[in-house]
Structure formats: structure tokens, C-alpha cells
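This briefing covers salt bridges and a nonpolar surface patch. The structure comes first, then the terms and the findings.

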Amino acid sequence: MNKKAMRDHPLFQLSLVRFREFTREPEAVFWTFLFPILLATGLGIAFRNRAPEKPHIGIVRGLAGSEPLARALGTDSSFAIEQFDDSSARRALRTAAVALVAVPYRPDSIEYRFDPARSESRTARMMIDAAVQKSAGRTDPVRVTEMKISEKGSRYIDFVVPGLLGMNLMGSGIWGIAFSIVTARNKRLLKRLMATPMSRGHYLLSYLLSRLLFLTFEVASLLGFAALFFGVPMRGSLVTLSLICFVASVSFGALGLLISSRARTTEGVSGITNLVMMPMWIFSGVFFASSNFPKAIQPFIHILPLTAVNDALRANMLEGATLAQVLPQLGIVAAWGVVSFVVALRVFRWR
């Protein structure tokens, strides 16, 4: 096929139309390219490497052991100490103003009040008790040494950037395509296109191809920013990373086609899109590990396409996983894409 025939091909022209529509929408450009960078910046600053916060400890004053305990802990810079009366201490604990309240009835008898469901309270319980016992003369029978290690890949920003990339691939693929098609259906544009010799397959494929035109810029902008400003590692092959992003973009685009195949209004497609995307926002490990959820629902979580994408991206970027090692995740994502596109092709409605 020569260049002129390629330019005149319906699929090329339809893809070009999709490209021009996108570039003429500032909102779409912002949400696709700038929003993930702004979000990564905010999270990177909020969860940057810094000294751990000191546990806030409350001591009930006016008891026989209050002053000795305050003096013993006052020499330890690991705590932030504040004294309360009994009712104020209960209120501070109830409102999470303190991690733990110590009630020193006597110098040799202390009651710790804390919520065991709060991790910072459990940590404060161990730290304060170690300090109290040491001040009372306890010696450790085992000699220990420390080796402090800080390595890229273990920070929160390293964890969250692949999740943001996966979320962005899903959002731009589903929202961008679904809303564009439903808007065209509302404006009767699909009805006019139906009267042309254009095939349904070419029309739907043009949306997927137009997504691929922006894929390089979308991925490069976020990962380049994360690597430059936060030092997020890229330990795996760029070819494997590109393939993961390619399969994810096409599959989420196909899911967007399926969502929009029958929807008539923007309100309707918005509801369906949120219904599809919300479980993945919550369960698929964008901002925190999906392993936090109960084991009973882990099989459901692992078949979600965004979970597979995030797992593959993190394995490649942070662990240097090869293509063979991420093939199971790619298989899940590809299966979602193929099934979604085939079903969309069959049920797509022009009117």
C-alpha cells in the first residue's frame, strides 16, 4: 500500500480525527498528562523520606509515679510527652491526639492505655515500655548492632508511581473513549457516519489507535518526571515496560468501547464508567498494597485488569522482572481487552 492509499484509508482518517479531537480539548490534555505529574508531586512531597514522627505520649499527672515517669522519659528524645488530668487524657486518647496514655499509679506500677488497632499505638507501647524498663535498670543480655540501609525502590513514592501510571492508562483509556463516543451519539454524528461506507470495526479501531499515538508521551512524561525529581528506579527492560503499557492501553480502550457501546447519555456512561472503575481504584493497589484486603477476595482482586497492570509495572520497574515473568499479568490484561472489543463490536449501537 503506497503512502497516498494509506492516507486515504478510512482507518487512518478516523484515527486522525480522534487525534485532532483530543488535542483540541485542553481538559483532556490536562487530565492525561499534567494531572498524574501533579499527583505524583504531591504524594512524593507528602511521603518523602524524613525522620519518623515522634510518638505523642500522654501521662496522667497527680499520681505517685507521674513525676518520676516524666523525668525518665524526658531524657529520651524519641517521645513527645504531655501531661493531662485523667479526663483530658481519656479525651486525648479517644480523639487520637495521643498514641498512648501512661497511668503511673506508683513508680513501680504503670498502666498503658492504647488502642491496639492503631499501629502507632502498638509501636508507642513497645517504645515507652523499653524506655521505662531501661531507666529502671534493665540490661539487655544480647548485644546487638545496627546497619541502616536506604535503597531506592522501598519508598512510598517508588510504590505509588507505577500505580499512578496504571491508573492513568485506565482512566484515559476508558473515560476518554467512552465519553467521546457517547457525545458523538448524542450529537447524531454516529447516525450520519452509519450512512457512509465506513465499517463498524474501522470506527472502533480508530479509537484504540488514536490512544496509542499519545501513549509514548503519556508514559514518558510521568516516568521521566518521577525518575528526574524523585529518583524512582527503572530496573527492568524498557521494551518490557513499553509492552506492558501498550497492552494495558489497548485493553482499557477496548473496555471503554464496551462501556459506551449502548449508553445514550453522558450521565449514563458516567455511572457505568464509575461502576467499572471504582472497584479497581479501591482494590487494585494504586495507593496501597492490594494484599491488605482479606484472603477470601484476593482471587477476585487478581483478575481485575488494573491489578494485573500495576503488578506487572511494579515487578518490571522495581524488581527488574523480565517479559517471561510478567506474562501471566499480561495474559489477564490481554484477555480483558480481546473479550471487551469482541463484545463491543457485536453490541455497538449507532443510534
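Buried means under 20% relative accessible area, exposed means over 50%, and partly exposed lies in between (1.4 Å probe, protein chains only). By that scale arginine 106 is partly exposed at 46%. The model is predicted: local features need pLDDT of at least 70, side-chain atom pairs count only at pLDDT 80 or more, and totals for chains, interfaces and linings use all residues. Residues are numbered from 1 along each chain as its sequence is written, and side-chain values use heavy atoms, with hydrogens and water left out.

**Salt bridges**
- A salt bridge is a side-chain nitrogen of Lys or Arg within 4 Å of a carboxyl oxygen of Asp or Glu, and the count comes to 7.
- Arginine 106 pairs with aspartate 108 at 3.2 Å, N to O; aspartate 108 is exposed at 65%.
- Arginine 90 and aspartate 86 form a salt bridge at 3.1 Å, N to O, and both lie in helix α5 (residues 86-94), 4 residues apart.
- Asp86 and Arg90 are linked with Glu111 and Arg113 in a network of salt bridges.
- In aspartate 129 and arginine 125, the closest N and O atoms are 3.7 Å apart; aspartate 129 is buried, with a relative accessible area of 19%.

**Nonpolar patch**
- Leu243, Phe246, Leu323 and Leu327 make a nonpolar surface patch of about 320 Å².
- Patch residues have over 30% relative accessible area and no salt bridge, with like charges joined within 9 Å and nonpolar side chains (Val, Leu, Ile, Met, Phe, Trp, Tyr) within 5 Å.
- Accessible areas come from the Shrake-Rupley method with a 1.4 Å probe, and for residues only the protein chains shown count as cover.
- α10 (238-260) and α14 (323-347) each supply at least two residues of the patch; helices are DSSP runs (H or I, at least four residues), numbered from the N terminus.
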